[in-house]
Amino acid sequence: MADRYTVPNEILDRAIGDELLVHRFDTDEVFVLNGDAKLVFEAAKASGSREDICEFVAARVFGDTSELYNAVDRALGGMLEQGLLLKTESEGA
Amino acid sequence: MAGKRNLLILGTAPNEYLVHAEDDEEQVRAALKKMLPSASFELTEVTPKQAERMRSRLSDSQHGLMNNLSKGVNSKVKKNAAAYKLAINSDQRLGAVASATGIIKFSPEISKISKPLGGGIGPVGVTVGVGIAGKF
């Protein structure tokens with residue numbers, strides 16, 4: 001089983017410079033993601049699995065991989081908490 | 001930008017990296033100094049055997065990453081590449097984005113903001129609608 005991340009239908013995002021403005025229509029809440037969080041969010045939109053998201057970020061960021069993956073996990077957790085992403089379990093990797 | 005060079009940098013252990021580059025050691029050192037202006041590091045050339053040993057510590061995702069590099073980067077790096085061991089002399093682990101202007105800490109942040117009062121899409125449409133209705 002592999003965790004997959006998806007963006008809920010109620011989410012609309014728009015890039016403003018380096019940042020990303022994210023609007024939750026169901027709650028009418030608005031969030032700003034800084035450039036690093038934007039990278040994680042866009043990776044989640046494009047790929048879905050935690051591994052793919054980590055690789056997407058690692059391909060663009062120079063740094064200690066384990067530290068980087070921890071930062072990605074923290075960001076994914078924050079996005080889940082705010083309802084900007086949904087996590088589902090899918091069969092296989 | 002003065003020039004472009006291909007560097008392939010892979011984390012093999014905490015604060016230890018395997019660097020492949022087609023440049024000589026001094027050029028690689030200079031390029032890394034630009035990428036890590038505030039970090040103290042040691043760069044040493046390694047033999048193909050040592051490089052292979054370091055590569056064996058790479059994760060599956062890192063191997064996948066290497067295979068997914070653009071053809072241009074891969075062929076150049078593989079064809080002429082020398083291998084170096086980069087050791088960062090710091091207790092702090094790196095988590096940084098290399099940019100044209102320097103180094104920025106990788107720190108994803110999510111902030112909730114308050115919408116301005118009366119902001120939104122709907123009310124503007126109502127006002128316009130009244131004007132148009134009067135015309136007919």
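Chain A contains three helices and six strands; helices (H or I, at least four residues) and strands (E, at least two) are DSSP runs, numbered from the N terminus. The model is predicted: local features need pLDDT of at least 70, side-chain atom pairs count only at pLDDT 80 or more, and totals for chains, interfaces and linings use all residues. Residues are numbered from 1 along each chain as its sequence is written, while chains are lettered from A and ligands numbered from 1 in the order in which they are written.

**Composition of the chains**

The elements of chain A follow the order β-β-β-β-α-α-β-α-β from the N terminus on. Chain B comprises five helices and seven strands, arranged along the sequence as β-β-α-β-α-α-α-β-β-β-β-α.

The table lists the buried share of each chain; a residue is buried if 20 or more other C-beta atoms lie within 10 Å of its own, exposed if 12 or fewer, and partly exposed in between, with C-beta atoms placed from the backbone.

| Chain | Residues | Buried share |
|---|---|---|
| Chain A | 93 residues | 35% buried |
| Chain B | 136 residues | 15% buried |

Two residues are in contact if their C-beta atoms, placed from the backbone, lie within 7 Å. Of the contacts in chain A with a separation of 6 or more, 47% involve residues 24 or more positions apart. In chain B, 67% of the contacts between residues at least 6 apart in sequence join residues at least 24 apart.

Strand β1 of chain B (residues 7–13) is largely enclosed by the rest of the structure, because five of its seven residues are buried. Six bridges connect β1(B) with strand β2 of chain B (residues 16–21), and the two run antiparallel. Within this pairing, B:G11 has B:Y17 in β2(B) as its bridge partner. Strands count as paired if DSSP finds at least two bridges between them.

Four strands form an open sheet in the order β2(A)-β3(A)-β4(A)-β7(B), with antiparallel pairing. Its edge strands, each pairing on one side only, are β2 (11–16) of chain A and β7 (110–113) of chain B. On average, neighbouring strands of this sheet are turned by 25° against each other, direction ignored.

The chains meet in this sheet where strand β4 of chain A (residues 29–33) and β7(B) run antiparallel, joined by four bridges. There, A:L33 stands opposite B:I110 of β7(B).

Helix α1 of chain A (residues 35–46) lies across β3 (19–24) and β4 of chain A together with β7 of chain B, at about 60° to β3(A). Axes are lines fitted to C-alpha atoms, for helices over the stretch in contact, and angles run from 0 to 180 degrees between N-to-C directions.
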